[in-house]
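These are my notebook entries on a structure that I looked through chain by chain. I set down what I looked up and what I found.

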Amino acid sequence: MRMRCGCLSRAGWIAVNTFVEAARQRFFAFLVLLGAGMAGAGVYLRAFDFGGSELKFVADFGFGGMFLFGAILAVVLPAQVFFSEMDNRTALPLLARPVRRWEFLAGKFFGVWVLLGVFVVLLGCVLGVMLRLRAGELAVAAVETGREAPFLSEWGLVVFCLLQWLRLGVVAALGVVVCSFARSFLYAVVVTALAALVCQLRGMGQVAFAREDAAGWVRVLAGGAGRMVPDLQVFDLGVPLVLQPGGVAWEVVASAAGHGALYLPVLLGLGVWFFVDREI
Amino acid sequence: MGVSLKSVFVCRAVVAGGVLVVAGWGLSWVGRPAGEWQGAHQPAFRAESLEGVLGQGALLGVFGGFRAIMADFAWLRSYVSWERCERAGCETFMRMALTLDPGNAVFWLDGGYITAFDMPHWEVRTREAGGRLKLDAVVVRQIKGEYARRGLALLSTGAERHPARAAEFWERCAMICLNVLKEPERAAEFYRRAAECENPKWYASLAYANLLALELGRKEEARRWLEAYAEKFRRGERRDTGRIRELLDEVLREWGTATPPRTVRP
């Protein structure tokens, strides 16, 4: 019991240090500002909207910013915190102590993941405020014109933010796997970004390659390859969750959450497996 | 030693791939409902719509949340092609906009109209500029008919996706049938749908009755239908936003039917 507590404590301390180290980077602050600016600017860019629902346009813009900048953070931060330890040789004395390699890796991952959570919460708050303000204005206008007021669910936004946090966690876990065997920061970032892209396009790829008119071996290959990576598109439930009453069933939300949550230990396990025998 | 390390890494990579495949198969049941939901609600994930956006597919996938603004830019690009009377560009970007954001009714409404009314003229002009001085009238009719059918298909799909605005779609379908296909019976049917669907266009009822009476010679049927329709306003089954009932009564009187002054809607 004491040993388990010790493991968690050591991993926890590494996570805390990783969190502080990553949060102090200007890169993080810059992307938070950029993402928040984008989430807030959606209201002022609605002139580009051609007749669709105004709230949907604003929300869509914010969701896009949340995932785009969040994904950049999730790709870059694990590599940055990992290779800063490697390049500065601080990993050597750390791992010479009674710190297991999985504790080191888990600490790095959870430190980054918590920071991604902070990012999602900040952007979610900005987006929520913008949506609530605009929905209020639209509701007043709707009463004046005798139309139906637009629907907005704050709880839906909370659930969506949790889903995005999981999604970014999966991307960060991919980054940890790549870092566990990569030899350079650039290689780790590029390979992780490509892996995230593949995960994002998995659903479309399976549809494109597994059509009925495709050759049998292509369909088998596409089916097998498609199963190898998590599907990040299943987390795209923002609009039905936030703007449509009963837009999506809870089992669909649970399915997406379960998909991400179960992939995390698999990916982290692979990362640890690559990392245990790595020469540092 | 270096070779040995490399071979160890390769072995590990192969095993890791195997683990991922097994994990993927094992976890597929968890993510299936979410994947199926995406397949059913996101047209970009349907095989029939993939071809139109495959080139832009990467963007679509990466910027998952930016679909609305990307669709708007695609629509702008489609408009540029429309101004230049370029069918291929207009249709491609139109389809892209529709695939990215099928929730925007304007794309469906304008897309259907452009397809039915404008594109056949561009097609005829292109073919005539390609060497033939003047296309045969039968060929022109065929081209117009083909594009009109495509426009109708687009509008019908739009009506299914936007039931609250179905009346606008059916009204436009009727216009296409009337002005391009020259099929008044079919146009009348679309006007009837526009008058009877959710959030109806009341004037579509007059258009329907007029077509029945004047174009198809079924005046008695038109009168009976219009009376029944006006009756719904009298009984308050339909919301009278203005003087709809009075206007319908006026038309019925013009047609020579004395509509009894029934109880006024509460």
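How many residues of chain A are in contact with how many residues of chain B? I find 50 residues of chain A in contact with 50 residues of chain B, contact meaning heavy atoms within 4.5 Å.

Basis of the entries. I am reading a predicted model, in which local features need pLDDT of at least 70 and side-chain atom pairs count only at pLDDT 80 or more, while totals for chains, interfaces and linings use all residues. Residues are numbered from 1 along each chain as its sequence is written, chains are lettered from A and ligands numbered from 1 in the order in which they are written, and side-chain values use heavy atoms, with hydrogens and water left out.

Entry 1: the interface of chain A and chain B. I looked up the buried area, which is the accessible area (1.4 Å probe) that two parts lose on being put together, summed over both. Between chain A and chain B it is about 4300 Å², and carbon and sulfur atoms give 72% of this. On the chain A side, I note that A:Phe50, A:Met204 and A:Arg227 lose the most area to chain B, together 17% of what that side buries.

The rule for a salt bridge (a side-chain nitrogen of Lys or Arg within 4 Å of a carboxyl oxygen of Asp or Glu) finds three across the interface of chain A and chain B. I recorded the salt bridge of A:Lys56 with B:Asp101, whose closest N and O atoms are 2.7 Å apart. For polar contacts, I used a pair of N or O atoms within 3.5 Å; within protein, one must be able to donate a hydrogen and the other to accept it, and residues adjacent in sequence count only if both atoms are side-chain atoms. On that rule, 10 residue pairs are in polar contact between chain A and chain B, both residues being at pLDDT 80 or more.

Which elements give two or more residues to the side of chain A that touches chain B? They are α3 (54–87), α7 (185–209), α8 (216–228) and α10 (250–275) of chain A. Helices (H or I, at least four residues) and strands (E, at least two) are DSSP runs, numbered from the N terminus. I find that α10(A) gives the largest share of this side, 13 residues. By class, the side of chain A that touches chain B has 29 nonpolar, 12 polar and nine charged residues; Ala, Val, Leu, Ile, Met, Phe, Trp, Tyr, Cys and Pro count as nonpolar, Asp, Glu, Lys and Arg as charged, and the others, Gly among them, as polar.

Entry 2: I count 10 helices and zero strands in chain A. Its C-alpha atoms fill a box of roughly 70 × 50 × 40 Å, taken along the principal axes. Of the 280 residues in chain A, 50% are buried, that is, under 20% relative accessible area, with exposed over 50% and partly exposed in between (1.4 Å probe, protein chains only).

Is A:Thr192 buried or exposed? I list A:Thr192 as buried because its relative accessibility is 1%. A:Thr192 lies in helix α7 of chain A, and its side chain reaches the backbone oxygen of A:Ala188 at 2.5 Å. Leaving aside residues up to four places away in sequence, I find A:Thr192 touching A:Val75, A:Val171, A:Leu174, A:Gly175 and A:Val178.

Entry 3: domains of chain B. Chain B is divided into domain 1 (53–101), domain 2 (105–201) and domain 3 (206–266), the bounds coming from an automatic or database domain assignment. I find 14 residues of domain 1 in contact with 15 residues of domain 2. The area buried between domain 1 and domain 2 of chain B is about 1300 Å². B:Trp75, B:Arg87 and B:Leu98 supply 43% of what domain 1 buries against domain 2, more than any other three residues. Two salt bridges cross this interface. I also recorded a salt bridge between the side chains of B:Glu91 and B:Arg150 (2.0 Å, N to O).

Entry 4: backbone of chain B. Most residues other than glycine have a negative phi. B:Lys182, however, has a positive phi near 55 degrees. I place B:Lys182 in the loop between α8 (166–181) and α9 (184–196) of chain B, and at 59% relative accessibility it counts as exposed.
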